[in-house]
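Hi,

Here is the model I promised to pass on. Have a look at it first, and my notes follow below.

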Amino acid sequence: MAVLRELVVFPSKCFRGVRSYFFSAPLFQNGSLKLNESVSKDGHALDFEQSDTKKMSKAMKSYMERAKIHDNFIKQQLHEYNIGKRHLANMMGKDPEFFTQTDVDEAIRYLFPSGLFDPRARPMMKHPDEIYPKRKAAEFDVNGRPYHSLFYTSKPNYYTLMHDLAVKFKQLDRHEDKIISRGIQNQKPTELFLFGSEWIPKQKIENVLLESLTDAQYVNLIKTFERFSQHPYSVIEKDFIMQFRRQLAAQVEIQQVPELMRDESGRPYMTYNARRKTSNATVKVIGQGTGVISINETDIHFFQREQDKKQIIFPLQFSDMLGKVDVVATVDGCGTSAQSGAIRLGISMCLRSFVNAETIERMRLAGLLSFDPRTRERKKPGQAGARKKFTWKKR
Amino acid sequence: MIRFSPTETITNTFRTNELDPINHRKDHDGRFYSISQSVKKQLFSGGGLPKEYKELSETLNGLSIMVRKPAIELITYLNKTNFDAPVNRYVLYGKTGSGKSVSLAHILHYGSNAGMVLVHVPWVPNWVRFPKGCTPSVIHPNKYDHPIESVEWLRHFSTQNGPLMQKLELKTTETYAWSKREMTAVGSPLSELIDLGMNRAKHATDCVTALLCELKKAALSKRCRVLVVIDGFNSFFSPKSRVRREDKSIVLPTEFVLTDAFLSLTRNDWNNGAIVVSVDASAHPSELRESPLPRYQLGKQGFEHLDPFIPIEVPNYSEKEFHSQIDYYVERNWLQQPKARTERGRAELSFTSGNHPLSLMKLVAPY
């Protein structure tokens, strides 16, 4: 368990999700390997370091050291993670060979139950790559010569991406020309496949490119992508584009509209319990009616203010059911505004069973079917109210 | 100014040609009939129409009252009354703003046309809640006079019944000694009594008592037929009034001389008349407004006084009455929005007002 505790991270920043476009070479191993493996043929190790450190500047030297330390650290973490996984599998009585990350998560949830609200604050044990932010591989060799041709732009990955887009655009143009020249009439340009997704945000792009961007550069990049994806033959590069898009949250599941119930006299009716702030309303809408309304056994004048009466009438008028249904409601709690809001939601939800799908959609767009989540904001210490501050004294 | 003269044929379905309340029957239900300016002045200048209703009628160029079921019911009863039997007492009840006062106004017009002497109290709480000055009575110990209100009421009485009183020429049956020097002898015309009351505020309340007594006797001896119309009758039995004695204790309405006078008139120990009374929750202080029903509003004392009576409910508008009212407003251009004239608009008005007459009037008003 002591081992596990070291491994289980109570995390700060955890990046996950997008597969790296730029497969950052496994840290600094290349460089270090180069250093270590430069053994001459005749066997005795060249005193590489000694001869080269004279040529290397102090900055270079410290950079190399830092990189090496980070490298070793990650290696160590990985080693510990793997061992920890095996221990965990043992503890849980599972086979260590086939212990996956999901099993690890489950085990941690079982062993370290947490009541914290944010999932990112709860204990986790993940692969070091997912916990520790990625760093770029060595950008220049021992002699200080950069590997990347665009190194001196200071954002080589970003500009590489922009250049790639331009190149691909030209390729698509040439493809289009070819199609036209061959006179292939039936191959129509395909539609955009971008529905249901959006461009990944700036933070994510920065994680992918391992470079920080200014807002202007991000906007520029997205504009370029937009232009690119609007090319008639952009579907050829679909995979490339989709790397930089994320799916939008799945559409709200179409709630099953409940079937109408029948009472003793055969009239259809529907009930619903609605809430608004702390008031609860039980609403029953009865079909084949004449527009009779009863609220807590009194008529519409239970609400004295016109605005409350308007709230009640809104769903009935909107769906053209005024005078066609009867409403029986009981409500308690909070004040008149909340009570009328609760009854309104109740009526709308009941009316779904009486109207067609088009009207339900219109009601949804009008906001009649949404629960109003607003509650009273908490008063904070050091302030007079939720937002109101005490009198500010200059001195 | 659009006015409908009695001879003109009216084709609107919400109006009726029948301007005489005596002839109002079931088929007139939901229809408006207009009251001429002279009649309005004669009957209602001392009160009787609710303030906002009166102002609206002036804005809309003419008083038109809707004939509704309670009034039709009352008119039918009054037409069939056996005036040899003891007086019937009718109590109109209903929610505040449902149309009781206007129904009473309709009945008042009926009584006037039928040649009955009108004893009309427009709104009793005016005497109980806002008296302009109560003085201890000289004649009745531990009772209180309403000098100013009595004068006003006598004036109102003489306006309403002026021509009729001249025709009837009723005489007093008793001597009334007001002071050492002032006296009203037996056989003097009642108009003299009324004039004395109007001129001498000090004796006005006792004049009222005397007048009511005389009218009762006149009805008993078949010299005239009396119609008593009192709005807000339950205020006579209110648990408090705004009148205080010197020691700051509250005077109850039952300790007013006027109360005694009208209570004696509304007893069923006479005949050749009718008593129509309304009870309203707003006539009582807020503690007694839970229910609009007569037994609750009258209390034990009031109920025992009025029992047996015929209760007549004044309900909210029926669908026919509601549409008639909207038609009236539309025709008078009071409802100007074109949307208000559509089916949907009417449904919205009906729903939001709950078909309640007063709520509808307020809803439709531009202020």
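Is E206(A) buried or exposed? At 15% relative accessibility, E206(A) counts as buried; buried here means under 20% relative accessible area, exposed means over 50%, and partly exposed is in between (1.4 Å probe, protein chains only).

Before the rest, some housekeeping. This is a predicted model, where local features need pLDDT of at least 70, side-chain atom pairs count only at pLDDT 80 or more, and totals for chains, interfaces and linings use all residues. Residues are numbered from 1 along each chain as its sequence is written, chains are lettered from A and ligands numbered from 1 in the order in which they are written, and side-chain values use heavy atoms, with hydrogens and water left out.

Chain A as a whole

Chain A has 13 helices and 7 strands. Both are DSSP runs numbered from the N terminus: helices are H or I with at least four residues, strands are E with at least two. Of the 395 residues in chain A, 35% are buried. The chain exposes about 26000 Å², and carbon and sulfur atoms supply 53% of that; accessible areas come from the Shrake-Rupley method with a 1.4 Å probe, and for residues only the protein chains shown count as cover. If you take the contacts in chain A between residues at least 6 apart in sequence, 69% of them join residues at least 24 apart. Contact means heavy atoms within 4.5 Å.

Salt bridges in chain A

Back to E206(A), which forms a salt bridge with K202(A), the closest N and O atoms being 3.3 Å apart. A salt bridge is a side-chain nitrogen of Lys or Arg within 4 Å of a carboxyl oxygen of Asp or Glu, and the structure holds 35 of them over all chains. Why are E206(A) and K202(A) separated by about one helical turn? Because they are 4 residues apart in helix 8 (residues 202-209) of chain A. K202(A) itself is partly exposed, at 23% relative accessibility.

K202(A) also meets the side chain of D215(A) in a salt bridge (3.4 Å, N to O). K202(A) lies in helix 8 of chain A and D215(A) in helix 9 (residues 215-229) of chain A, so this pair ties together parts that are 13 residues apart in sequence. D215(A) is exposed, with 55% relative accessibility. Elsewhere, salt bridges that share partners join K136(A), E139(A) and E211(A) into one network. Within it, E139(A) and K136(A) have their closest N and O atoms 3.8 Å apart. E139(A) is partly exposed at 25% relative accessibility, and K136(A) is partly exposed at 24%.

Around R276(A)

R276(A) sits in strand 4 (residues 268-276) of chain A and is buried, at 15% relative accessibility. What does R276(A) contact, leaving aside its neighbours within four places in sequence? The answer is S337(A), A338(A), G341(A), A342(A), D372(A) and R374(A). R344(A) is 68 residues from R276(A) along the chain, and their C-alpha atoms are separated by 9.7 Å.

The size of an interface is often given as the accessible area lost when the parts come together. Between chain A and chain B the buried area is about 1000 Å², with 61% of it from carbon and sulfur atoms; buried area is the accessible area (1.4 Å probe) that two parts lose on being put together, summed over both. In chain A, H301(A), Q317(A) and L322(A) lose the most area to chain B, together 41% of what that side buries. The contact takes 13 residues from chain A and 12 residues from chain B.

There are 2 salt bridges between the two chains. One pair to look at is D320(A) and R344(B), whose side chains meet in a salt bridge (2.7 Å, N to O). Helix 11 (residues 306-318) of chain A gives 6 residues, the largest share of the side of chain A that touches chain B.

A spot in chain B

Finally, S278(B) is in strand 10 (residues 273-279) of chain B and is buried, with a relative accessible area of 0%. Leaving aside neighbours within four places in sequence, the residues in contact with S278(B) include L92(B), K100(B) and F233(B).
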